[in-house]
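Dear colleague,

I am handing over the structure we spoke about, and I would be glad if you could look through it with the notes below beside you.

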Amino acid sequence: MSDQNPKVEIEIDPSLMDEAVDAISDSKSKERTKESKLSEDQKEKIQTEPNADEYRDRWIRVTADFDNFRKRVQKEKADMIKYGNENLIKELLPVLDNFERAMAAPNSGNDSFAQGVQMIYQQLLMMLERFGVTSESAKGKIFDPNLHEAMSYKEDSSVEPHTVLEEHQKMYFLNKKLIRPALVTVSKGDGAPDSNDDEPSEEGN
């Protein structure tokens, strides 16, 4: 009786071996291709994405744009509060003019009526002042086209040329913004239009 174990010989189909080798080779090839592709994508991503300095510059620009937007909105809001009543106040200015004309008219002897008109005028004026309405006399000042509108020109040697001689309508401001210019008569000087021009005619001729 022999002590050696019997040898079992297993025959493997060569074609199966070839298929196994090919499968392993294909798997390794795909892994290498995948790794290579991911590496290229990562490189491209690193190249195309902004770096830290670019992110910082973008953040600074966005912050500056937002700050400018905030300031603009605040200014618009402040202007709306300051000048939101401008149209209403412009409509009220002729009422003030009529009160002033009534007070300047000769007194018919009814003192109580005159005092009542004066009182209403003062109340209306004080109310408008609380909303930032102010007035300024133009008479005796040098003509300023930014504040005055010349209705006529007049010779007057007692004053400097281009001096406001008469004020036909007061100027008014709303929070220091001119909302109505003064209508005035101006003393003639060099450059003043003649009566034959298309400008307003002279007074007193």
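What follows is a short account of the salt bridges in this structure.

Please keep in mind that the model is predicted. A search of the whole structure finds nine salt bridges, and I describe some of them here.

You might begin with helix α2, which covers residues 52-83 and holds both Arg70 and Asp67, three residues apart, or about one turn of the helix. The side chains of these two residues meet in a salt bridge, with an N to O distance of 2.4 Å, and the pair belongs to a network of salt bridges that links Asp67, Arg70 and Lys71. Arg70 is partly exposed, at a relative accessible area of 34%, and Asp67 is likewise partly exposed, at 24%.

A second salt bridge joins the side chains of Asp97 and Arg180, at 2.8 Å from N to O. This pair links distant parts of the chain, since Asp97 lies in helix α3 (residues 86-104) and Arg180 in strand β5 (residues 177-180), 83 residues apart. Asp97 counts as buried because its relative accessibility, 7%, is under 20%, and Arg180 is buried as well, with a relative accessible area of 11%.

Lastly, Glu136 forms a salt bridge with Lys141, where the closest N and O atoms are 2.8 Å apart. Glu136 counts as partly exposed at 35% relative accessibility, and Lys141 is also partly exposed, with a relative accessible area of 36%.

Key:
Residues are numbered from 1 along each chain as its sequence is written. This is a predicted model: local features need pLDDT of at least 70, side-chain atom pairs count only at pLDDT 80 or more; totals for chains, interfaces and linings use all residues. Side-chain values use heavy atoms; hydrogens and water are left out. A salt bridge is a side-chain nitrogen of Lys or Arg within 4 Å of a carboxyl oxygen of Asp or Glu. Helices (H or I, at least four residues) and strands (E, at least two) are DSSP runs, numbered from the N terminus. Buried means under 20% relative accessible area, exposed over 50%, partly exposed in between (1.4 Å probe, protein chains only).
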